Structures are given as structure tokens and as C-alpha cells.
Amino acid sequence: MLRASLLRARPIAPAAHLQWRVAHRFFADTKKPDETLLPGSQSAKTNVDIPPPPPLTTPTNPSAANTSTIPAGDVPRTPPTPEEVRSAPAVSPATTPPTGTGSSSVAPPPQPPKPKKRRFRRFLIQLLILSALGYAGGVYYSLVSDNFHDFFTEYVPFGEDAVGYFEEREFRKRFPGQAGSPHLHPQIKGEPKVTIPSKHGLSWRVAEDGEEGKGSDLASKGRHSSAVEEAKPAASQGKREAPSTKDKPTESATHDLLPKGAVKAEPKKEEPKKAEAAPAPTAPLVDNLEIPSAKEPVVQDVVKILNDIIMVINADAAASKYSSVIAKARSDLGKVISDITTLKEAEQKAAEEKIRAAHAEFDAAAKELINRVDRQMQEQEAHWKEEYESEREKLAQTYKQKLQSELEVAQKVHEQRLKNELLEQSIALQRHFASTIRDRVETERDGRLSKLTELSDSIHELEKLTGEWNAVVDANLKTQHLVVAVEAVKATLEKADVPKPFVTELAALKEIANDDPVVAAAIASINPVAYQRGIPTASQLIDRFRRVAAEVRKAALLPEDAGVASHLASLAMSKFLFKKSGLAVGSDVEAVLARTEALLEEGDLDGAAREMNGLEGWAKVLSRDWLGEVRRVLEVRQALDVIATEARLQTLLVD
Amino acid sequence: MSDSSSTTPTAPVARTSRPMSEALLNEKWDRCLSSMLIRSGLGLSFGIVFSVLLFKRRAWPAYVGLGFGAGRAWEECDSSFKHAAAPSKDGLRVLRP
């Protein structure tokens, strides 16, 4: 209401109106459209929640209502007065933001950007906090659970470092003494690692030339190969001396045989030769061809060496010094050559002797071999002969055995056949014997069996006779039982003062009768009501007759199709009727009643029933029940009579 | 059975479903009298009501009503007597030409 008045009071300017609406749209939004307020209906509530009155200031100052939401920059500007609007050109000054008349000048909605930014920032902060919390939780849980530790360190970035840091701290806390040295593997810290060179292991190179890798080369000698370092040099020295000492012992006799010995001896001689060659500066060379046994290559070599030495000495300045030595050497050369020749001859002789000995040996061996071969051949021949003989004997024996066995088999077969024939004959004989015996026995048996059959026949006849007699006795007994049962039923009926059911007696009777058709028919003829309820006695019948007769007498004078009037008349007139008695003559109701009474007194139920059956009309209707009772009694009596006569008849029939 | 007979030495128990034949007529009389009373009473009361409401308290409507009731009762009684004498045709099929 207030707002409406305010709206009305406001100057009418389209732009300002729009701004106003924008600034106050909260109030518009909160109002429900379907809420209808009657004037005065809310007056009770007024003191409870009066809506804050919209600012009564000019619309230019709406910030009083919502200073908290609209910043100063977004405050809508003062709308221009209509005169200004009209006078102002379409183009606004460049410095000021466009505040035209249209909706384009409307300030951008101040609210939306703010909450958005804040929301985003809040979301970021929350995300950060959450992730930090999650990370911390993950680190903690990884310290607790091994399984999670594996997962965390493997998949979460920097998880391993974080977990490792905490583990380190825990470890330090537990073992303060080893605080300096981390218990984790040094690899984490980046210490020098053990690297295996690319060309490690076996290679074609000898171990010595791997000098550059001496520091870590395992192939080189060092402490790792042997702990005893000091003893080594001495051992090596010893080793070095050993071969020098060994030189002499290795020389064997065979070595002496070779010309090497001579060659070896020469270097010893050369030393003095060198000394000798000195004095004779121009010592003559030894002539190769002059020397005896110049053909020997060894000698030639020696001469050559000597000549070389001489030449060297000759070339030298101090050749005179060695002249004497060289001369001596030359003389020695001759001796050496002679030695060589002698040695050669000796060798030749020895070789010849050896060859001869070998020849002789070979001859002997050849002879021996031939002898051996001959002997072997002879032996083999003898062996073969023996084998041949034995084989022949064996064959002969096997053939003989075969023949014998076949002969035996043939004999056996023959014998068997003979035996079989014999057996057959015996069997035939036995059969014949058996048949004859059987015949005899049969004849004998027939004679006796006939007597036996006669006996059994007579026994059968006897049995039959006794069976018949038994049947007779049984029949007698049965009839006796029947008679007794009938008597029992009769007795129960006569004894009873009151109608009593006699189903059990009848059932017993039927049982005893043993499906006798006559008895069954007689029992079936009885009305089931009779044996289920019992039958009235004679006295009861008479008593009831008297009552019935009184009623019948009242209806005695009724015509056919009598109405109420005739009934009344009959009732009245029947009082005046004369009573008849005895065997009255006539067919009127009174006479019938008198006759019936008389018959009943005599005990003739059958006659009484016949008389009463002769009535007609109402009289018959009234006496219907009494007649039914009488009939039932009669039926029972008749059935019992029939059964008794049947029993009597059966006793008569037995013989 | 025997004990029941000893306790009730009187005649067989009267069957409630069907009255004994000798009592048929008496029963009819009873019914006729009772119906006569009721119907005549009803007729009388109706007559009285009519006389009060319509006929300015004249006596004759009452008598007429009584006569109607009594007559109706008589007729019913008569018919019941007439039909009872003839053998009942229950369970019999009537062949008409």
C-alpha cells in the first residue's frame, strides 16, 4: 500500500522507473502472487512484522535499503529531469558512461558477479584445504598401514618424500644416537654409486694394459687378490734364479748327441776369440773349402761365425789384441771338426747296428705271425668240422623224435577209437538192460498200483460220506441258530412295554441266516422305521385307537369338500349320534369304528386295519397315522413268521 | 435305549415336523380362530381410523372394517378345510389333455 502510494507520488520518468524497479526487485520477488490480503485482515500482525517501509527518500538514494549489497560504484545515477532528457542530444559526452533514455543505460545488475567470485574463491579454498587434509591423512595412514604405504608412495606425487620424512623423524626420535646417519639407504641422498663399466668382465686385452682403471680394476694385483704382499718379491726372485740353476740338469744324453752341444760350446770359445782377434788387425779369414769335411753344414756354420767375428775384429782398431786368440781358435777349429767327424762315425755305426737288429726282430715277428695264423686256421677247421658233426646229429635226433611222437600220436588215436567203440557198446548194452528192467518194473508196478487206486477210491468215498454228514450236521446247527434268533426277536418284541428298536436282533438274525434269500427278502420287507424306532405294543395301539376314534367321530358327518360351516355343523351334530357296539352292520363311520374296536379287542390286528382302511374322506385322513403303525406291526409279524417257517422248512429239507 | 425307555415310559415322542393325523382338524380349527380374531381386529381398527380421519366419526366404517376382516378370515379357513380333505398332490405330476 505504502509502496503503491509511493509509486504514485514518484515523478514519472521511464529511465528512473526502471532503475527503481531494479533496485527494489527483492520486495517484488518476495511477494506471493496468490496471497490475497483483505484490508484490515493483517492488522493483528502489524506489530509482529511490519515490513520495513521503503525509503521515503527520493529514488536517487535507494542505497539506504541495501547498502550491503550494492557498492558505491553501482549506485544508479540520478535520472535526468524530463527537460534534460528532452534537451540533451542523443550523443552523450564521451567521458561519462552512456546514460541514455533506453534500457541500455541501466546499470549492470550489481549482485551476480560478487557471489560468483566469492563462490569460486571459496571453492578453491575448500578444495585446497580438503586436498591438504587428504594428503595429511594419506601420509598418516601410510605410516599406519603397510598396504596403503605402498599405494601412497607409488601413486601420489611426492608421497614417497613426505612419508620418508616422517619415517625419518620417527626413527630419529626412537634412536637419538644415530641422529647423524640416516637409516635409509644412502642412494636417496645421491652418494657415489657403484658403477659397472661398460667393458667389464672378459676382454681380449691382457690384464697389464688396463692401467687407466687401476684404481678400481679388479684384474690388477692388489690386496684383494692376496694378503701376503711382502713375501712376493722374494718368491719371484727365487723363481728367477731357479731356471738358471736348472739349465745344467736339463741337459740329457740325447742333447749331447745333437750337434747343438757343439754349437753351444762355441759361444764359450768366441769370447776368447774376440780377445785374440785384437792383436792381429788383419787376420786371415778361415777358408771354407780348405777345411776337412767342409761338406758338414754345422762345420760351415761354425766357420761362418768365426769368419764374422774375425771380420768384426779386423774392422776394429784393436784387432791386434785378439790375433793370438783368433789363431788359437783357428787351431781349435780343426780339433772341433775332427771331433765332429768321429762323433758322426760313431753315430753311423750305432744306427747301422740298430737297423740290423730291427730287421732281425721283424723277421722273427713275421715268422711267428705266419705260424699263428696257420695254427688258427687249423683250429677253426677242426672246430667247424666238429660243429657240423654235432649239427647233423642234432637234426637226425630231432627227426627221429618227430617220427616217434607222430607214431605215438597215431597209436594213441587208434587206441582211443577202440576205446570209444567199446564204450559205445557198453552203453548200448546198459541201455538195453535198463529198458528191460524198466519194463519189468512197470509190469510189477501196474499190478500193485491198481490195488492202491482202489484203496484211494474207497477212501474218497468215505470222505465224501463223512462230508455229507457234516453238511447235514452244519445245516441242522444253522437252522437251530436261526430258530433261536427268530425266537429272540419275538421275545424282545413281546416283552417290551414301550416301543424299542430291535436292530441288533435283526442284524444277528441276518448274520445267522447266512445270506438266505428268503430271510433277506423278509427282512427287507420290514419298514426300516419299524426296527429303528421299534413297534408299539397291542395295548398302545388300542389306546391310540380310542383317541383316533373320538376325532373320527367328530368328522363323521362331513360331506365332500366341506367348508367351515359344514365342519361346524358336523362338530355340533356328531354329539348327538348314537354309539354302536360289537360287530355292527353297515358301512357308515360309526359302524366301522365299532367293528374295528371289537376286532382290536379280539386281537385281530389285521382285520382292524382292513376295517379302518375302508373309511373315506376326513375320517381316513385322521386315522392315517394309526393305520401306518398297525401296518408296521403287521409287517414285522409277517416277516418273523416267514423266517420261522423258513427255518422249519430247512430242518425238514436236510434229510 | 433301554434306559431312555425306562425314563420315558410314555408313548413315542411327538414329531414336531408333522402333527399326528388325528390332530389335523383340531389344529386347523385353532388356526382359523386365531386368524379370525386377528383379521377382524385389524379390519375394525382400520375402520375406526378411517371413520375418525375421513368420515366424521361415524360408526359404519368401523363395522365395515370388522366385516372385511372377519370375512377374509372365514374365506381362508374355508379354503384350508376344503383343500386339506383332498389327498395332497405334492410330488405328483398332473397330465393335462
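This is a predicted model: local features need pLDDT of at least 70, side-chain atom pairs count only at pLDDT 80 or more; totals for chains, interfaces and linings use all residues.

**Stop 1: chain A as a whole**

Start by selecting chain A and colouring it by secondary structure. You'll find 21 helices and 0 strands. Chain A has 655 residues, and buried ones make up 22% of them. As for contacts in chain A between residues at least 6 apart in sequence, 64% join residues at least 24 apart.

**Stop 2: an annotated span in chain A**

Now select residues 123-143 of chain A. An unreviewed UniProt entry places the feature "transmembrane region" here. The model makes this span 100% helix and 0% strand, and its end C-alpha atoms lie 30 Å apart.

**Stop 3: helix α13**

Go on to residues 503-513 of chain A, which form helix α13. Which residues of this helix are buried? Show Leu506(A), Leu509(A) and Ala513(A): those are the ones. Look down the axis of α13(A) and you'll see its buried residues fall within an arc of 60°, so they line one face of the helix. On the face turned away from that buried side, pick out the exposed residues Thr504(A) and Glu511(A).

What covers the buried residues of α13(A)? The cover includes α12 (323-495), α14 (517-525), α15 (528-533) and α21 (624-653) of chain A.

**Stop 4: two salt bridges within helices**

Time for some charged side chains. Over all chains, the structure holds 19 salt bridges. Show Arg174(A) and Glu170(A), which form one of them, with their closest N and O atoms 3.2 Å apart. The two sit 4 residues apart in helix α7 (residues 159-174) of chain A, so about one helical turn separates them. Is Arg174(A) buried or exposed? Arg174(A) is exposed, at 57% relative accessible area, while Glu170(A) is partly exposed at 40%.

Next, jump to helix α12 of chain A and select Arg392(A) and Glu389(A), which lie 3 residues apart, about one turn of the helix. This pair also forms a salt bridge, with the closest N and O atoms 4.0 Å apart. Arg392(A) is partly exposed, with a relative accessible area of 49%, and Glu389(A) counts as partly exposed at 36%.

**Stop 5: chain B**

Hide chain A for a moment and look at chain B. Along its sequence chain B follows the pattern α-α-α, which comes to 3 helices and 0 strands. Of its 97 residues, 21% count as buried. Chain B exposes about 7,600 Å², and carbon and sulfur atoms supply 65% of that.

Select residues 36-55 of chain B, where an unreviewed UniProt entry again places the feature "transmembrane region". The span is 90% helix and 0% strand, with its end C-alpha atoms 26 Å apart.

Then click Ser35(B), in helix α2 (residues 24-53) of chain B. Ser35(B) is buried, at 14% relative accessible area. Leaving aside residues up to four places away in sequence, Ser35(B) touches Ser40(B) and Ala73(B).

Show Glu76(B) and Arg39(B) as well: their side chains meet in a salt bridge (3.3 Å, N to O). Glu76(B) lies in helix α3 (residues 60-85) and Arg39(B) in helix α2 of chain B, so the pair ties together parts that are 37 residues apart in sequence. Both are partly exposed, Glu76(B) at 31% and Arg39(B) at 26%.

**Stop 6: where the chains meet**

Bring chain A back. How many residues of chain B are in contact with chain A? There are 24, and they meet 25 residues of chain A. Together the chains bury about 2,200 Å² between them, 64% of it on carbon and sulfur atoms. On the chain B side, select Glu22(B), Leu25(B) and Trp29(B): these lose the most area to chain A, together 27% of what that side buries.

For the last stop, find the 1 salt bridge across this interface. Arg544(A) pairs with Glu22(B) in a salt bridge, the closest N and O atoms being 3.2 Å apart.

Technical notes:
Residues are numbered from 1 along each chain as its sequence is written. Chains are lettered from A and ligands numbered from 1 in the order in which they are written. Side-chain values use heavy atoms; hydrogens and water are left out. UniProt positions are given in the numbering used here, feature names are shortened, and annotations may be inferred rather than shown by experiment. Buried means under 20% relative accessible area, exposed over 50%, partly exposed in between (1.4 Å probe, protein chains only). The arc is that of the directions from the helix axis to the C-beta atoms. Contact means heavy atoms within 4.5 Å. Buried area is the accessible area (1.4 Å probe) that two parts lose on being put together, summed over both. Accessible areas come from the Shrake-Rupley method with a 1.4 Å probe; for residues, only the protein chains shown count as cover.
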